[in-house]
Amino acid sequence: MKDILHLLDEGVLLLDREGRILLINRWWISKNLAREDWEGKYYYEALRSLSVISAIGQLLEGGESLYVMHEDAKYLIKKKIMEGDKRLFLVSDVSSLWQYEKLKRDLVENVAHELKTPLSAVTLLLERAAKECPSSFAIHRALHRLQQMEKLIDDMLILARLESGVERLHLTEIHLREFLQDVYYQLREEFEKAKVNFENLVDESFVLVADENKLYLILRNLLENAVRYNREGGSVRVRGWKEGQMAVVEVSDTGIGIPKEHIPFIFDRFYRVDKGRSRDRGGTGLGLSIVRNAVRLHGGSIELQSEVGKGSTFRIYIPQSI
Ligand SMILES: Nc1ncnc2c1ncn2[C@@H]1O[C@H](COP(=O)(O)OP(=O)(O)O)[C@@H](O)[C@H]1O
Ligand SMILES: [Mg+2]
């Protein structure tokens, strides 16, 4: 049994309730993270990395997992509580995954910034041309395309940042009714054009704790969809309430609905039920991925109910005990 432990490509460390090492596998020694003469020692005497020692100390106080850096490597440490109050720690080297994620993030950010500069230059030029020939359909169409590209780049940047794992939450108390009204004003023209009613049914006194910028992204994208995939004379209703430790915000619409078979994929990036319709309405296909990531960062979840021809209801749950 012990031999198998030594073959693992993962660190295994078992501590008694005082923090003394009961078992440690060879992985630790091969990574130069522990001394060979660990027997009878406390973890902080036998381990060689201060950051790993402090992470284990933190996990002993509470929590389930932590990432730590040591030299150029990144490790994920997971804790399991065993019988007799023993603690088992499993450590994996996630450096390559981390580097890949970082590479991807840097690539998106660099490409996005490189594209933005020439894009604004061309936009400026075309805007000038549009003033000179206001009736040119081609110029207006080109300008519209450029705006769509700009939106796509912005959404890609937002999503890359949300997915990066480096974003922090800045929690504040938010008066939802007022906050929603601000989001609605940003979209008012769109609501009026589509002849869709907005009903803010959130109680005046309803307050929730969340990150303001991220809540904005969530509500803006949900409201945008609710108006875009609606019908003339339809409506969008928003409610808010508390359920135990959760704040719940519900956005429901009387729109076209989402066919059942599409629902499992609807939060995936670039997934659309109807590409043509989404593009016509200025969609980038990234809205719901942004929503899902922003909700997840809060440790929350999202539910969707929808019926074709009747409408959709998105419900987000945000824990309030953090
Ligand atoms: N409220 C809604 N009613 C009907 N369909 C929706 C709704 N919200 C999202 N969808 C569908 O989900 C797809 C993905 O949404 P999203 O990620 O916001 O991208 P986009 O709106 O840019 O296409 C949309 O293209 C649309 O097909
Ligand atoms: Mg959208």
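Mentor: Helix H6 (137-163), helix H8 (212-228), helix H9 (275-280), H10 and E12 each give two or more residues to the lining of the largest pocket, where helices (H or I, at least four residues) and strands (E, at least two) are DSSP runs numbered from the N terminus. This is a predicted model, in which local features need pLDDT of at least 70 and side-chain atom pairs pLDDT 80 or more, while totals for chains, interfaces and linings use all residues. Residues are numbered from 1 along each chain as its sequence is written, and side-chain values use heavy atoms, without hydrogens and water.

Trainee: How many residues line the largest pocket, and which of them lie nearest its centre?

Mentor: Rolling a probe the size of a water molecule over the atoms shows where empty space is left. On a 1 Å grid over the protein atoms alone, a pocket is an open set of points where a 1.4 Å probe fits, with protein on both sides within 12 Å along at least five of seven lines, and lining residues have an atom within 4 Å of a point. Here the lining has 35 residues, with Asn 221, Asn 225, Tyr 229, Gly 287 and Leu 288 nearest the centre, and H8 contributes the most, 9 residues.

Trainee: Which polar backbone atoms lie close to its oxygen atoms, within the polar-contact limit (N or O pairs within 3.5 Å)?

Mentor: Oxygen atoms of ligand 1 are 2.8 Å from a polar backbone atom of Thr 284, 2.7 Å from a backbone N or O atom of Gly 285 and 3.3 Å from one of Gly 287.

Key:
Chains are lettered from A and ligands numbered from 1 in the order in which they are written. A polar contact is a pair of N or O atoms within 3.5 Å; within protein, one must be able to donate a hydrogen and the other to accept it, and residues adjacent in sequence count only if both atoms are side-chain atoms.
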